[in-house]
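Dear colleague,

Here is the structure for your files. My notes on what turned up in it follow below.

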Amino acid sequence: MEHEQFDEALMQCIHTLRAGSDMDHAIQNLLEIIAEFHDADRAYIFEFAEDEIHMDNTYEYCKAGITPEKDMLQNLEISTIDRWLVLFEEQGEVYLNSRDGELDENSEEYRLLKMQGVESLMVAPLYSETKLIGFIGVDNPNENTYTLSLLRSVASLIVNDIQKRITLEQRVINALARIYISMYLVNIPADTQKEFNSNSDVRKYVKQTEHASEQMRTAMEHMTDAQYWGGTLAFSELTTLNERMKHCDYISHEFYSSTDKWCRANFIVVDRLENGDLNNVIYGVQLIDDEKKKELEYQAALEHALANQNEIYGELLQMQSGGVIAVEIKTNRILVINRALLDMLGIDETKKNQLTHEDFLSHFVDKKAMEKYLAVRDTLVEPYVREYEVMRGDEHVFVLCHTKLITLANGDRVSLTSVMNITENKKFEQRLLVQSRMDALTKICNRGYGEAQIEKLLKAKKNGMFLLFDVDKFKHINDTYGHSIGDEVLIQVADALKQTFEQAGVCMRLGGDEFAVYAPEITEQMQAETMIQAFFERIRNIAIPQMEGDAISVSLGAVLCAPDREHVFEKVYQRADATMYTCKKVIGNSYDFYTGRNPA
């Protein structure tokens with residue numbers, strides 16, 4: 001009987017993994033099957049971080065009445081389970097029958113298990129080839145405790161799926177993390193942080209999810225050379241960040257570290273609350289030692305040239321690949337502008353001597369930003385670093401300007417600005433942003449971005465028509481013609497959706513063969529039916545040669561969001577889903593409107 005239970009549970013696990021298109025959802029269901037097989041309080045997966053020092057609880061299933069622990073089990077040190085690592089190597093498993101009977105009460109393992117209420121556990125390692133990458137286990141099992149066969153079998157099944165499972169958003173985060181020596185996602189209202197990338201020096205001071213502002217202040221104080229404490233600590237202060245980033249999404253600050261390296265700290269806005277205050281920001285620190293030393297060398301050479309009127313240094317300035325401009329504060333006269341900057345702005349070098357400071361500033365698109373710069377320029381104490389958009393003829397160029405106020409040997413004050421062309425970087429950032437919002441297969445909005453856009457329209461009372469539909473007998477199409485043809489069906493259905501609605505609405509793929517669209521301003525049923533019929537006509541015109549004449553059709557539920565009522569996305573979705581379900585009784589491009597009689 002026990003063997004039959006094991007076989008049945010294992011087959012359930014295999015079916016769950018192979019049948020699910022959403023891997024996260026499939027693994028979650030898998031943990032439920034394992035927990036029920038062992039009658040355990042909790043089933044979970046831990047994965048080791050790339051630094052091989054920390055680990056995170058990435059998946060968790062809890063029996064009814066059991067408190068989830070996943071959020072508390074992030075960024076733990078792997079050394080906490082050193083005893084397990086030995087057992088994994090020697091026995092291939094960990095079986096703890098009694099916490100109080102088998103563990104030293106003073107050990108970190110005992111403390112961690114007691115905090116979670118874990119009396120006993122069973123754990124199997126996750127190996128990728130010969131490398132240990134994590135483990136899967138259950139807490140407080142009551143049944144089938146004689147064997148870890150199910151856990152070991154499942155561990156071998158899911159390793160590849162876990163390693164392949166990485167979202168587009170995570171790829172964006174990983175790309176950014178490679179730029180920074182430490183990077184954290186900070187929630188300003190909650191004063192919490194989540195590590196994306198860091199090093200052992202920073203982790204000495206940033207250890208907890210809560211109290212982010214206090215920990216980061218301490219970390220930056222220890223990371224910064226004492227001469228730069230004032231500016232660096234003021235920049236890193238989270239309590240003043242809302243005011244400083246009220247009108248911008250990016251600020252940076254350069255400092256000299258306690259390890260004798262130049263660094264740049266950056267705050268990047270991820271999202272804001274409805275009132276415009278900051279919600280989540282990325283705080284990252286870059287190592288810029290080589291870049292900064294070159295810049296200081298260039299500036300030193302330029303100051304020497306200006307002070308001594310040395311032609312050799314002047315020519316060296318002209319030879320620099322980055323743009324440089326020096327402006328006399330008293331008269332706003334351009335003292336020096338090199339060829340690289342003239343070329344960056346599309347200014348003919350023969351007109352250099354006639355170029356005024358006003359002419360130079362006219363190339364900058366954001367005039368208010370220029371007014372703000374001029375308001376602070378004459379009193380700068382620390383370098384002023386900002387990104388700007390400038391015009392090079394009809395071409396838009398993005399630049400990073402680094403301005404410093406210097407005093408020459410004769411007492412004159414000069415603003416010295418180095419200008420770097422960052423257009424390609426900005427284009428790359430824009431591509432990453434577009435990719436994070438787009439469904440990779442169909443090139444329409446993905447669920448997260450599409451749902452957020454519709455929610456904004458509903459909150460703004462831009463009421464209209466919401467349609468929810470899926471492709472009829474899509475599983476049959478995949479099974480009969482293969483997944484490549486199934487993908488082609490989804491692409492052509494999405495194209496039909498875009499051709500009908502994209503100019504007037506938000507089109508998105510919810511997942512699998514399910515799509516949705518929201519069309520503002522369409523609140524009358526007659527107008528809505530016209531749009532739906534136009535969409536159906538495009539669906540009927542889809543012809544895929546490999547399907548040998550088989551027609552494609554959809555079942556569609558429609559909800560008209562009346563302008564005299566407030567609507568929320570979740571309720572509108574439920575109504576459309578219930579209406580779509582009733583349409584499935586009619587074969588071939590059927591639709592219906594939610595009337596209130598549909599169950600929802």
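Two strands count as paired if DSSP finds at least two bridges between them. With that in mind, take Leu405, whose bridge partner in β16 is Ser415. The strands concerned are β15 (residues 395-407) and β16 (residues 413-421), which run antiparallel and are joined by nine bridges. Please keep in mind throughout that this is a predicted model.

**The chain as a whole**

The protein chain has 600 residues, of which 46% count as buried. Its secondary structure comes to 22 helices and 21 strands. Among contacts with a separation of 6 or more, 55% are between residues 24 or more positions apart. The accessible surface is about 31,600 Å², and carbon and sulfur atoms account for 49% of that.

**The antiparallel sheet**

β15 and β16 belong to an open sheet of five strands, ordered β13-β12-β16-β15-β14, with antiparallel pairing. At its edges stand β13 (334-337) and β14 (384-392); each has a single partner strand, so one side of each is left without a neighbour in the sheet. On average, neighbouring strands here are turned by 25° against each other, direction ignored.

Two helices pack on this sheet:

- Helix α16 (residues 367-377) touches β12 (323-328), β14, β15 and β16, and its direction makes about 140° with that of β14.
- Helix α17 (residues 423-437) touches β14, β15 and β16, and its direction makes about 125° with that of β15.

I also checked the length of α17. Its 15 residues, at 1.5 Å a residue, should span 21 Å, and the end C-alpha atoms are 21 Å apart, which agrees. The expected figure is 1.5 Å times one less than the number of residues. The buried residues of α17 are Thr423, Leu432 and Ser436.

**The mixed sheet**

Another open sheet of five strands has the order β18-β19-β17-β20-β21, and here the pairing is mixed. Its edge strands, β18 (506-511) and β21 (590-593), each pair on one side only. The twist from one strand to the next averages 20°. Within this sheet, β17 (residues 464-471) and β19 (residues 514-520) run antiparallel and are joined by seven bridges. One of the pairs is Leu467 with Val517 in β19.

Helix α18 (residues 447-459) packs on the sheet, touching β17, β18 and β19; its direction makes about 135° with that of β18. Helix α22 (residues 569-583) lies across β17, β18, β19, β20 (554-560) and β21, running at about 140° to β20.

**Nonpolar cores**

In soluble globular proteins, nonpolar side chains tend to be buried together. Which residues have the most contacts inside the largest nonpolar core? They are Met465, Val489, Val493, Leu497, Phe501, Phe535 and Ile552, in a core of 34 residues. Elements that each supply at least two residues of this core are β17, α19 (474-481), α20 (483-501), β19, α21 (525-540) and β20. The largest share, eight residues, comes from α20.

Leaving out residues up to four places away in sequence, Phe535 touches Phe469, Val493, Ala496, Leu497, Thr500, Phe501, Val554 and Leu556. A second, separate core has 26 residues, including Ala26, Ile27, Leu148 and Ala155.

**Two single residues**

Is Asp139 buried or exposed? The cut-off for buried is under 20% relative accessible area. Asp139 has 4%, so Asp139 is buried. Asp139 lies in strand β6 (residues 131-139). Beyond residues up to four places away in sequence, Asp139 touches Ala40, Asp41, Arg42, Tyr44, Gln116, Val118, Ser120 and Leu121.

Leu287 is in strand β11 (residues 278-287). Its relative accessibility is 49%, so Leu287 counts as partly exposed; the exposed class begins over 50%. With the same exclusion of sequence neighbours, up to four places away, Leu287 touches Ile181, Lys261, Trp262 and Cys263. Leu287 and Glu254 are 33 residues apart along the chain, and their C-alpha atoms are separated by 9.8 Å.

Regards

Conventions. Residues numbered from 1 in each chain as written. Predicted model: local features only at pLDDT ≥ 70, side-chain atom pairs only at ≥ 80, totals over all residues. Heavy atoms only, no water. Helix = DSSP H or I, 4+ residues; strand = E, 2+ residues; numbered from the N terminus. Buried < 20%, exposed > 50% of the residue type's maximum accessible area, 1.4 Å probe, protein only. Contact = heavy atoms within 4.5 Å. Areas by Shrake-Rupley, 256 points an atom, 1.4 Å probe, with all protein chains shown as cover. Axes fitted to C-alpha atoms, helices over the stretch in contact; angles between N-to-C directions. Core = buried A, V, L, I, M, F, W, Y, C linked by side-chain atoms within 4.5 Å.
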